[in-house]
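This report covers helix packing and salt bridges. The structure comes first, and the notes follow.

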Amino acid sequence: MTKTPDIHHLYSRAGFGLHPRYWANREALSIQELVDQLFIDSLKFKSLQRFEDIREKKEDVGGLKVLKMILKSRKDLQELNLSWLDHMSTTGAQLREKMTFFWHNHFATQVPFPVLMQAQNNMLRTHALGNFKTLLEQIAMDPAMIIYLNNQQNKKNAPNENFARELMELFTMGRGNYTEQDIKESARAFTGWHVGKDGYFKFEEKQHDDGQKTFLGQTGNWNGQDIIRIILEQPTTTLFISKKLYRYFIHPTIDQAFVNEMAQVFRMNNYEIEPLLKFIFTSKHFYRNDKKGSLIKSPVELIVSYKRLFGLRLNTPENMIKLQRGLGQVLFFPPNVAGWPGNQAWIDSTSLLLRMNLPYIFLGRDNFDLKEKELPESALIKNKEKKPFLGTLHFDELQKLIPANIQSREEQYQYVFNMMMSHTELVAPPYDPRWTKFSDVVTAILSLPEYQLH
């Protein structure tokens with residue numbers, strides 16, 4: 001029988017939390033069975049379809065159409081944002097969605113074209129648990145990424161190095177593992193990798209530099225796919241990705257010995273992502289007590305956990321965007337190409353107080369001012385009318401789990417605390433006699449600083 005703390009730990013890290021109605025029936029499964037089920041559940045998934053892909057009409061997108069798309073993009077991107085939040089909160093493919101969220105930050109992109117951002121998001125979802133080489137090739141040909149990192153301007157005799165640099169520094173190898181000359185040669189290989197007027201990837205042969213290039217010690221008439229192949233031949237690439245996944249799923253401080261094992265699994269399986277994740281989630285290292293409760297939930301993870309576990313609904317869509325801004329993370333609006341730094345960066349004196357007061361704000365018991373973090377101008381909503389910040393939370397499923405012989409609010413508080421905070425070895429703070437309703441008990445637990453951890 002699997003221990004309840006381990007089940008909560010797995011579903012919090014590999015997903016966005018397990019709904020209370022499923023808590024009891026998971027204990028009969030082994031860790032291996034639970035992990036296998038996460039992958040089975042992620043086989044069937046839906047893409048985001050907030051917008052019709054106008055590119056399917058096979059029309060050239062001229063200057064006027066581009067201008068209109070940009071002017072309309074703020075509202076459309078916010079609608080796409082809300083659609084993805086809802087999708088994260090309801091999909092059965094939790095692990096796939098968690099990895100889509102990981103790649104969304106790893107390949108951080110921001111362009112004012114909602115259709116292209118939707119297409120990129122769906123591409124990330126499709127390959128989220130597949131092969132990293134395939135994913136890397138797809139991102140190199142992704143129209144949103146090409147526009148964002150200026151590869152549209154990367155032409156023969158006038159190379160642009162932006163994508164080539166970030167490909168190695170942020171996406172695959174990390175600093176110190178290549179030279180400035182490698183960047184120049186890589187940029188030459190990606191010349192002509194552009195976006196056509198129809199909005200799809202287009203290789204413009206006349207703009208491609210087909211001369212000899214020496215990249216990471218190998219010489220040949222390399223193109224972009226050759227560059228990716230050579231990068232993936234470097235041992236440092238498996239280490240770089242393994243370290244990033246370690247910080248995302250396990251702990252902010254690297255355990256080099258375990259990362260080396262991860263990298264070996266990654267190499268032996270030819271960059272297949274699924275075997276690497278199964279290695280992580282079935283390892284004893286993942287379930288060590290010092291790994292539980294060691295990561296700070298990102299704003300999106302926190303919001304989705306409220307939506308998924310307690311049916312959070314806010315009174316206006318604008319307030320859901322406002323909440324993301326107040327917490328410092330808005331989907332589709334990363335701060336830069338490096339993405340959100342995560343963990344300790346999520347917490348300062350203002351955001352921690354906001355996080356702890358969220359349950360009371362949702363239930364209309366607190367008028368905490370949702371001050372906006374510094375975010376890109378395009379992430380902001382210009383509201384003519386500010387509406388009260390109200391929401392609903394449902395604790396019915398949680399209350400049904402409490403044994404009938406536990407009647408007093410104090411006993412219920414202790415029982416629920418032990419269930420919800422099982423990722424840590426905490427002692428429950430003293431019961432407050434003013435908590436006369438079950439909702440008071442749960443709200444008090446959700447407002448603890450420790451609830452920000454998983």
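At 22% relative accessibility, E161 counts as partly exposed; buried means under 20% relative accessible area, exposed over 50%, and partly exposed in between, with a 1.4 Å probe and protein chains only. The model is predicted, so local features need pLDDT of at least 70 and side-chain atom pairs count only at pLDDT 80 or more, while totals for chains, interfaces and linings use all residues. Residues are numbered from 1 along each chain as its sequence is written, and side-chain values use heavy atoms, with hydrogens and water left out.

The side chain of E161 meets that of K184 in a salt bridge, at 3.3 Å from N to O. A salt bridge here is a side-chain nitrogen of Lys or Arg within 4 Å of a carboxyl oxygen of Asp or Glu. E161 is in the loop between α7 (143-148) and α8 (162-172), and K184 is in helix α9 (residues 180-189), so the pair ties together parts that are 23 residues apart in sequence. Helices are DSSP runs (H or I, at least four residues), numbered from the N terminus. K184 counts as partly exposed, with a relative accessibility of 39%.

## Other salt bridges

By the rule above, the count comes to 21 salt bridges. One of them joins E301 to K98, with the closest N and O atoms 3.3 Å apart. This pair links distant parts of the chain: E301 belongs to helix α14 (residues 299-310) and K98 to helix α4, 203 residues apart. Both E301 and K98 are buried.

K291 and D290 also form a salt bridge, their closest N and O atoms being 3.5 Å apart. K291 counts as buried at 5% relative accessibility, whereas D290, at 39%, counts as partly exposed. Elsewhere, salt bridges that share partners join E161, R165, E180 and K184 into one network.

## Packing of α4 on α13

Helix α4 (residues 94-106) packs with helix α13 (residues 273-281) at an angle of about 105°, and their axes are 13 Å apart. Axes are lines fitted to C-alpha atoms, for helices over the stretch in contact, and angles run from 0 to 180 degrees between N-to-C directions. α4 and α13 are therefore roughly perpendicular to each other; angles under 35 degrees count as roughly parallel, over 145 as roughly antiparallel, 65 to 115 as roughly perpendicular and the rest as oblique.

On the α4 side, L95, M99 and W103 meet I273, L277 and F281 of α13, where contact means heavy atoms within 4.5 Å. The residues of this contact of α4 with α13 divide into six nonpolar, no polar and no charged. Ala, Val, Leu, Ile, Met, Phe, Trp, Tyr, Cys and Pro count as nonpolar, Asp, Glu, Lys and Arg as charged, and the others, Gly among them, as polar.

## Packing of α12 on α13

The axes of α13 and helix α12 (residues 256-268) come within 9 Å and cross at roughly 150°. α12 and α13 are therefore roughly antiparallel to each other. From α12, the contact is made by F258, E261, M262, V265 and F266, and from α13 by I273, P275, L276, F279 and I280. By class, the contact of α12 with α13 has nine nonpolar, no polar and one charged residues.

S283 is in the loop between α13 and α14 and counts as buried at 10% relative accessibility. S283 and F258 are 25 residues apart in sequence and 9.9 Å apart in space, C-alpha to C-alpha.

Methods:
Helix = DSSP H or I, 4+ residues; strand = E, 2+ residues; numbered from the N terminus.
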